[in-house]
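Please look over the sequence and the structure before reading on.

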Amino acid sequence: MKRSAADIWESLKGQVDFLTEAGAGFALRRPGSVPGGPTAGIDGPAPDQRPGQDSQARMPGPASLPPLPERAPQTDAERQDLEELEAQVLSCRLCPLHRLRTNAVPGEGDRAAELMFIGEAPGRDEDAQGRPFVGRAGQLLRKIIAAMKFREDEVYITNIVKCRPPDNRVPHREESEACVPYLLRQIELIRPRVIVLLGKTPTDRFLPSRQGMTARRGNFGEYCGIPVMPTFHPSYLIRNEGNRELKRMVWEDMQKVMALLGRK
Ligand code: SF4
């Protein structure tokens, strides 16, 4: 897809804005130095750590994970199954959320992406457009993706449930249970090399724990052999707009993903 100069400028500007707010200068400093000081490590603080505390012992970085295996190329049958799955989602009536939707939102991006982002559910803008992450939180996610040196059409973005819950509430358990088989099949067919979980709902689904997101983010887990990285949802960053520390944490998490994928 050819992009206009204005599109490229907007993308670069968004990338620089996010990196500046995230304090990217901190995140790129060399490891093994004074914690929180001018040469703090790339892994940054531990999840439940206050800025300035030492973190290296508690927070495994990508270096502690085995190298990602090579993937076999996606087959025509897998591609076709994905298209059929997306069509099924558009007409799905398996849970009560179908009654309130304008559009179901199966997901978008490269159907053979090596990197997949999973959020909670479509919001108002997503429901109106039938596309994931197009509202304010979506704009921020797209800045993060650009800062990670990926094009939007190189990754796949989707949610735990594909229809908007009323008033953007958290999906009920029965709604998630009805919808998650679509997501699991998407993962099976896309075969991403790394998955990023955006916020508590997808993190609870793939990495259940009693700990809060602050303790869980930044630590790779695993689903069917695929490394999964939980981090804060972009809407949480927006709700806490003045808190640059949160942006810095998300950027640290994304740097681990980039390192694992060889996108440093
Ligand atoms: S949320 Fe999922 S299970 Fe429920 S109607 Fe929409 S697509 Fe079907």
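Q: What helices and strands does the protein have, and what share of its residues count as buried?
A: This is a predicted model, and in it the protein has ten helices and six strands. Of its 264 residues, 40% count as buried. Among contacts between residues at least 6 apart in sequence, 69% join residues at least 24 apart.

Q: How many residues are in the largest nonpolar core, and which of them touch the most other members?
A: That core holds 55 residues, and those touching the most other members are Met 116, Phe 117, Ile 118, Ile 144, Val 155, Leu 197 and Val 250. The elements that give two or more residues to this core include β2 (115-119), α6 (173-190), β4 (194-198) and α10 (244-260). Taking Leu 197 as a case, and leaving aside its neighbours within four places in sequence, one finds it in contact with Ile 118, Pro 202, Thr 203, Phe 206, Val 228, Met 229 and Pro 230.

Q: What span should α6 have, and how far apart are its end C-alpha atoms?
A: The general idea is to count 1.5 Å a residue, so the 18 residues of α6 should span 26 Å, and the 25 Å between its end C-alpha atoms agrees with this. Just after α6, Arg 191 takes a positive phi of about 55°.

Q: Which residues of α6 are buried, and what do they pack against?
A: An α-helix has 3.6 residues a turn, so residues three or four places apart point the same way. In α6 the buried residues include Glu 175, Cys 179, Tyr 182, Leu 183, Gln 186, Ile 187 and Ile 190. The buried residues of this helix pack against α3, β2, β3 and α7 (200-206).

Q: Which residues are closest to the ligand, and which element gives the largest share of the shell?
A: Of the 14 residues that surround the ligand, the closest are Cys 92, Cys 95, His 98, Cys 163 and Cys 179. The largest share of the shell, three residues, comes from α6. By class, the shell has ten nonpolar, one polar and three charged residues.

Q: Where is Leu 94 found, and why is Leu 94 classed as it is?
A: Leu 94 is found in the loop between α3 and β1 (108-109). A residue with 20 or more other C-beta atoms within 10 Å is buried and one with 12 or fewer is exposed, so Leu 94, with 17, is partly exposed. Its C-alpha atom is separated by 6.4 Å from that of Ala 178, although Leu 94 and Ala 178 are 84 residues apart along the chain.

Note on methods: Residues are numbered from 1 along each chain as its sequence is written. This is a predicted model: local features need pLDDT of at least 70, side-chain atom pairs count only at pLDDT 80 or more; totals for chains, interfaces and linings use all residues. A nonpolar core is a set of buried Ala, Val, Leu, Ile, Met, Phe, Trp, Tyr and Cys residues joined through C-beta atoms within 7 Å. Helices (H or I, at least four residues) and strands (E, at least two) are DSSP runs, numbered from the N terminus. Two residues are in contact if their C-beta atoms, placed from the backbone, lie within 7 Å. The expected span of a helix is 1.5 Å times one less than its number of residues. A residue is near a molecule or strand if its C-beta atom, placed from the backbone, lies within 6 Å of it. Ala, Val, Leu, Ile, Met, Phe, Trp, Tyr, Cys and Pro count as nonpolar, Asp, Glu, Lys and Arg as charged, and the others, Gly among them, as polar.
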